[in-house]
Amino acid sequence: MKRIVSDKAPAALGPYVQAVDTGSTVYCSGQLGIDPATGAFAGDTIQVQTKQSLENIKAILEAGGLSLSDVVKTTVLLSDIANFGPMNEVYAQYFTADCPARAAFQVAALPKNALVEIEAVAIH
């Protein structure tokens, strides 16, 4: 097992790593819409936070030699399911062909009162 860490994505908020590579599968921890340069949310809209969350995942995968095209499954956690449509519009800009499987649902709350958190599973 190899840990994947990128300085182009925010550091973990707790006792976990940004991603783990098992040799065939990479498990990317959930990413909030935090800008790694500032440590703050990239913005206060679902669109901006979704974009930053996906940019963080992209950076982590690249640190492990992968790309978004290697993603086979994502999970999208929303603080409000009413944000599904606007989130989906941004998400669709990142996954345009051979989209991964996905689950998306509302949760009671997210760390730091985020609007969205996205995790990903990719394969080599």
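Guide: Start with a term. Two strands pair if DSSP finds at least two bridges between them. Keep in mind that this is a predicted model.

Take strand 3 (residues 25-31). Strand 2 (residues 19-21) pairs with strand 3 in the antiparallel sense, over three bridges. The hairpin of strand 2 and strand 3 has three residues between the strands. There, G23 takes a positive phi near 110°.

Strand 3 also pairs with strand 6 (residues 116-123). These two run antiparallel, joined by five bridges. Look for Y27, which stands opposite V121 in strand 6. Six of the seven residues of strand 3 are buried, so strand 3 is largely enclosed by the rest of the structure.

Move along to strand 4 (71-78). Strand 4 and strand 5 pair in the parallel sense, over six bridges. L77 has F105 in strand 5 as its bridge partner.

Nonpolar side chains tend to be buried together in soluble globular proteins. Here, the largest nonpolar core has 24 residues. I57 and L61 have the most contacts inside this core. Strand 3, helix 1 (46-63), strand 4, helix 2 (84-94) and strand 6 each give two or more residues to it. Helix 1 provides the largest share, five residues.

Setting aside residues up to four places away in sequence, L61 touches V26, L66, S67, L68, V71 and A122. There is also a second, separate core of six residues, including L32, L77, L110 and A114.

Stop at A122, in strand 6. Its relative accessibility is 0%; buried means under 20%, so A122 counts as buried. Not counting residues up to four places away in sequence, A122 touches S24, T25, V26, L61, L66, D70, V71 and V72. A122 and S69 are 53 residues apart in sequence, but 8.4 Å apart in space, C-alpha to C-alpha.

Compare L13, in the loop between strand 1 (2-4) and strand 2. L13 has 47% relative accessibility and counts as partly exposed. Leaving aside its neighbours within four places in sequence, L13 is in contact with L32, P111 and K112. The C-alpha atoms of L13 and G30 are separated by 11 Å.

Finish with the two helices. The axes of helix 1 and helix 2 come within 8 Å and cross at roughly 35°. The crossing is right-handed. Helix 1 brings I46, Q47, T50, K51, L54 and E55 to this contact. Helix 2 brings P86, M87, V90, Y91 and Y94. By class, the contact has seven nonpolar, two polar and two charged residues.

How values were computed
Residues are numbered from 1 along each chain as its sequence is written. This is a predicted model: local features need pLDDT of at least 70, side-chain atom pairs count only at pLDDT 80 or more; totals for chains, interfaces and linings use all residues. Side-chain values use heavy atoms; hydrogens and water are left out. Buried means under 20% relative accessible area, exposed over 50%, partly exposed in between (1.4 Å probe, protein chains only). Helices (H or I, at least four residues) and strands (E, at least two) are DSSP runs, numbered from the N terminus. Contact means heavy atoms within 4.5 Å. A nonpolar core is a set of buried Ala, Val, Leu, Ile, Met, Phe, Trp, Tyr and Cys residues joined through side-chain atoms within 4.5 Å. Axes are lines fitted to C-alpha atoms, for helices over the stretch in contact, and angles run from 0 to 180 degrees between N-to-C directions. A crossing is left-handed if the near helix is turned anticlockwise from the far one by less than a right angle, and right-handed if clockwise. Ala, Val, Leu, Ile, Met, Phe, Trp, Tyr, Cys and Pro count as nonpolar, Asp, Glu, Lys and Arg as charged, and the others, Gly among them, as polar.
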